[in-house]
Amino acid sequence: MAKRVLVVDDEMDVRTFISTLLDSNGYKVVVAENGEQGWAKFNEIKPDLVTLDVMMPKESGIKMYRDIKTDPAFAATPVLIISGLARKTFLHSQKVLDQFKNQSVPEPDGYIEKPPEPEELLGEVKRIVG
């Protein structure tokens, strides 16, 4: 059975690139344009992996990431961040939020800075979910 991947990104060209690449490599892909829509689809399909942009309108990837990782029912779902934001900056923002909210959220399962290279993206997806 094909692994289900939820692709959440506000940039249509990025969503199209990622979804086409993953679909042509045997993954079942569902896309969302922002964190709000992504969270609704996440609850609907229960994906095996989420690829998530960080900076998006309406609801950011940071909020969606923290919603996934702080809910015991979903915390085990792997998340691959794909963002124009540097990994170091993302991790720093998470530490600040951890201190502010008095909770600890693990680092993402993978992190790729945009623009993603096809080989790198496929390699990370295969490493994380097979």
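This report describes the strand order of a sheet and the helix packing in a predicted model.

**The sheet**

Strands of a sheet pair through backbone hydrogen bonds, either parallel or antiparallel. Here the sheet is open and consists of five strands, arranged as E2-E1-E3-E4-E5 with parallel pairing. Its edges are strand E2 (28-32) and strand E5 (110-113), each of which pairs on one side only. From one strand to the next, the twist averages 15°.

Strands E4 (residues 79-83) and E5 run parallel and are joined by four bridges. Within this pair, Ile-81 has Tyr-111 of E5 as its bridge partner. Helix H5 (residues 118-129) packs on the sheet, where it touches strand E3 (49-52), E4 and E5. The direction of H5 makes about 170° with that of E5.

**The H3 and H4 pair**

Two packed helices are described by the angle between their axes and the distance between the axes. For helix H3 (residues 61-70) and helix H4 (residues 87-101), the angle is about 60° and the axes lie 12 Å apart. H3 is therefore oblique to H4. The crossing of the two helices is right-handed.

| Helix | Contact residues |
|---|---|
| H3 (residues 61-70) | Ile-62, Tyr-65, Arg-66 |
| H4 (residues 87-101) | Phe-90, Ser-93, Gln-94, Leu-97, Asp-98, Lys-101 |

By residue class, the contact of H3 with H4 comprises four nonpolar, two polar and three charged residues.

Definitions and conventions:
Residues numbered from 1 in each chain as written. Predicted model: local features only at pLDDT ≥ 70, side-chain atom pairs only at ≥ 80, totals over all residues. Heavy atoms only, no water. Axes fitted to C-alpha atoms, helices over the stretch in contact; angles between N-to-C directions. Parallel < 35°, antiparallel > 145°, perpendicular 65-115°, else oblique. Left-handed = near helix turned anticlockwise from the far one by under 90°. Contact = heavy atoms within 4.5 Å. Nonpolar A, V, L, I, M, F, W, Y, C, P; charged D, E, K, R; others polar. Pairing = 2+ DSSP bridges.
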